[in-house]
Amino acid sequence: MRDRDLERIAESAGLLTQWRDAFGAPQRVAPDTLRALLATMRADDGEKTSLPTLIVTDAATPSIPHVSRAARTRVRIDLEQGDSVDCSLRRRGDRLLLDKPLPPGYHTLQFGKTQIVIAAAPARCFSVSDAFGRDEKCWGIAAQVYALRRDGDLGFGDFTALADFGAASARHGAAAVALSPLHAMFYADARRFSPYSPSNRAFLNVLHADPQKLVNDARSQKSVRTSLVDWTAAADKHHALSEAAFARFVAGELPGAGDFAEFRRSGGDALAHHALFEALDEHGGRKPAVDSASTRRFRDTHTERVAFHTFLQWRAARDLDEANAAAKNMPIGFVADLAVGVDPNGSECWTQPHAMLIGATIGAPPDALNAVGQSWGLTTFSPTALRRDGFATFLAILRASMRRAGGVRLDHVMSLMRLWLVPDGARPIEGAYLRYPFDDLVRLVALESWRHRCIVIGEDLGTVPEDCRTRLEKAGILGLDVLPFMHDGEKFIPPKRWRTNAIAMTSTHDVAPVAAWWAGRDLDWRRRLHLFGEQNEADERAGRARSKVKLANAFSRNGSRVSTRASGERIVDAAIDYVAASASPLAIVPIEDLLGAAEAPNLPGTIEEHPNWRRRYTVSASKMLDAPRVARRLGRLARRGKRT
């Protein structure tokens, strides 16, 4: 096949054959890369239909694709609310415009003998001001759930500790608590614990459930005081208590049989298949296809293990419900984190292989911070399958994240527009961008946002397509302004000039806490682990020294008189004042900064070399906000609302 024909086929499949790198230089995707990615996407070539199963449109000016040559001038739409409307159609290009607006919701379009669901979306997402009922400048806290501590825990944070922390945050006046991802991991392998490499985003990490509520075991009441989570040892304890709790439940010694039955029924095939995956994963070996005869035989002969894993999901959901109830006085509440992808060997890919890009990994092309690019070892939805299946897989994980939250953070929000896709076995630079149906996905996010009364934050750090932020802003998806990145090269941007359509933060889980950044602790780690590569360490440290001067000057202009000789504690106070003064409607400070921590939860570019996703907070979740320096910093944040 000629390269020109190959590129034409690739473009029609959604692959960008040409693109501009982070430095503005034009790039062309190699033919071998296109062939490999097209081979990965060949599973998308399933049965095509002339009519989509779901049409996404704007509720104020609804339209549908011109899917038939028939000269139809009227259609009937059965509204979700129970009424019906007759609409006239007017052709404009390849669309048919309806003559009247529709209420937001999922309606049924009668098109001849065919019924099509039409998702009519509002113009924008539910906002911070909608949550308050007025314009408000509020604040919140970010926390790693696994890092929370409570008396008698099993060595890592759970939803009982989260309930304590949520209640404490509400008591101190926080509007929101942003959480690390809570997605289902791998029950049979606790070594796979990165919350951003989940097994299935539609379900919960059952290790966060608290089996101690159900089992009175004196041995489990002794607190584990280590500063790092030992995931394998902790999971073993959790598993033993969970087995004991399930045995008591099966024996009728615990309440909730009716609620469990309803939970199982409402979870449908998706829940049943996830529980089956977990049971198979315990069994070990290669997993047959989800609908194979051998899988059905396993299910029929291991019904108790499937029920056990369903029980664990039920308990996790109920414990998270209790945590939400404890934090009910926060106007926004918990902000869930929706990971951009999943482990290709996990439940999400096994239960719906037709919907996933198996055979390729998502990542990022080379940029100023990473000269060789990134391959994250994750995969996600196929855009072709999304359209074919009526966006069912996307809606499932979106609803799962919003169902028990007042907000959701979309990790790597640029994935709504495009993703860097790398064939398995290839180098990160040997990839290509794959387009996604941005308008449809954003409209569905807005619709679900209102249905769940859930604000939406898009993590828009890194290489962002030219018009992506503008279009996200129009849809009411908040961006992310993080202090270390808020400069124009010459000086740090004054807080009053930060975006009004973004969340303001002092740091994130991937950025060194303020005190650690000030002390160069992240640079020390990079030197220790030989992560500088071709970059010169001396240049990096010199650049940090210059940034410290610029930041100290910016803090001084904001009213916090500091110098480069200031202590980390003083700099943290100044950073919180700076973020509190920002134009953002919501300022969020991670617990690490409230504590003045010298270490980060995660060091990008490492796996086992750095204790990623293992560091624990030193004080119990119910008391940590009462510590004098933490309470003082919360007071600095609280003043931002009074200045409005």
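This is a predicted model: local features need pLDDT of at least 70, side-chain atom pairs count only at pLDDT 80 or more; totals for chains, interfaces and linings use all residues.

1. A term is needed at the outset: a residue counts as buried when its relative accessible area is under 20%, as exposed when that area is over 50%, and as partly exposed in between. With a relative accessibility of 0%, Cys468 is therefore buried.

2. How many disulfides does the structure hold? The count is zero. Cys125 takes part in none, as the nearest cysteine sulfur, which belongs to Cys454, is 9.1 Å away. Cys125 itself is buried, at 1% relative accessible area.

3. Nonpolar packing deserves attention next. In soluble globular proteins, nonpolar side chains tend to be buried together. The largest nonpolar core of this model comprises 95 residues. Phe165, Phe311, Phe555, Ile591 and Leu625 have the most contacts inside this core. Helix H8 is the element that gives the most to the core, with nine residues. Another core lies apart from the largest one and has 63 residues, among them Leu16, Ala119, Leu357 and Cys454.

4. Which residues does Phe311 touch, leaving aside those up to four places away in sequence? They are Leu214, Ser242, Ala245, Phe246, Phe249 and Phe260. Phe311 also belongs to a cluster linked by ring pairs, whose other members are Tyr187, Phe246, Phe249, Phe260, Phe308 and Trp314.

5. Aromatic pairs number 23 in the model. One of them joins Phe193 to Trp231 in a stacked arrangement, with 5.6 Å between the ring centres and 20° between the planes. Phe193 lies in the loop between strand E13 (183-184) and strand E14 (200-204), while Trp231 is in helix H5 (residues 231-250), so the pair ties together parts that are 38 residues apart in sequence. The two partners can be told apart by accessibility: Phe193 is partly exposed, at 25%, whereas Trp231 is buried, at 6%.

6. Phe249 and Phe260 form an edge-to-face pair, 5.4 Å centre to centre and with planes at 80°. This pair links distant parts of the chain, since Phe249 is in helix H5 and Phe260 in helix H6 (residues 257-283), 11 residues apart. Both partners are buried: the relative accessibility of Phe249 is 11%, and that of Phe260 is 9%.

7. Charged side chains form 51 salt bridges. Arg171 is bridged to Asp626, with 3.4 Å between the closest N and O atoms. Arg171 is located in helix H4 (residues 159-171) and Asp626 in the loop between helix H18 (591-594) and helix H19 (628-643), so that parts of the chain 455 residues apart are linked. Arg171 is exposed, at 54% relative accessibility, and Asp626 is partly exposed, at 41%.

8. Are Arg315 and Asp319 buried or exposed? Both are buried, and their side chains meet in a salt bridge of 3.2 Å, N to O. The two residues lie in helix H8 (residues 303-326), four residues apart, which is about one turn of the helix.

9. Arg248 is partly exposed, at 29% relative accessible area.

10. Finally, two charged groups sit over aromatic rings. The charged end of Arg201 is placed over the ring of Phe381, 4.8 Å from the ring centre. The charged end of Lys548 is placed over the ring of Trp518, 4.7 Å from the ring centre.

Notes:
Residues are numbered from 1 along each chain as its sequence is written. Side-chain values use heavy atoms; hydrogens and water are left out. A disulfide is a pair of cysteine sulfur atoms within 2.5 Å. Buried means under 20% relative accessible area, exposed over 50%, partly exposed in between (1.4 Å probe, protein chains only). A salt bridge is a side-chain nitrogen of Lys or Arg within 4 Å of a carboxyl oxygen of Asp or Glu. A nonpolar core is a set of buried Ala, Val, Leu, Ile, Met, Phe, Trp, Tyr and Cys residues joined through side-chain atoms within 4.5 Å. Contact means heavy atoms within 4.5 Å. Rings of Phe, Tyr and Trp (its six-membered ring) pair if their centres lie within 6.5 Å; planes under 30 degrees apart count as stacked, over 60 as edge-to-face and the rest as tilted. A charge sits over a ring if NZ of Lys or CZ of Arg is within 6 Å of the ring centre and within 35 degrees of the ring normal.
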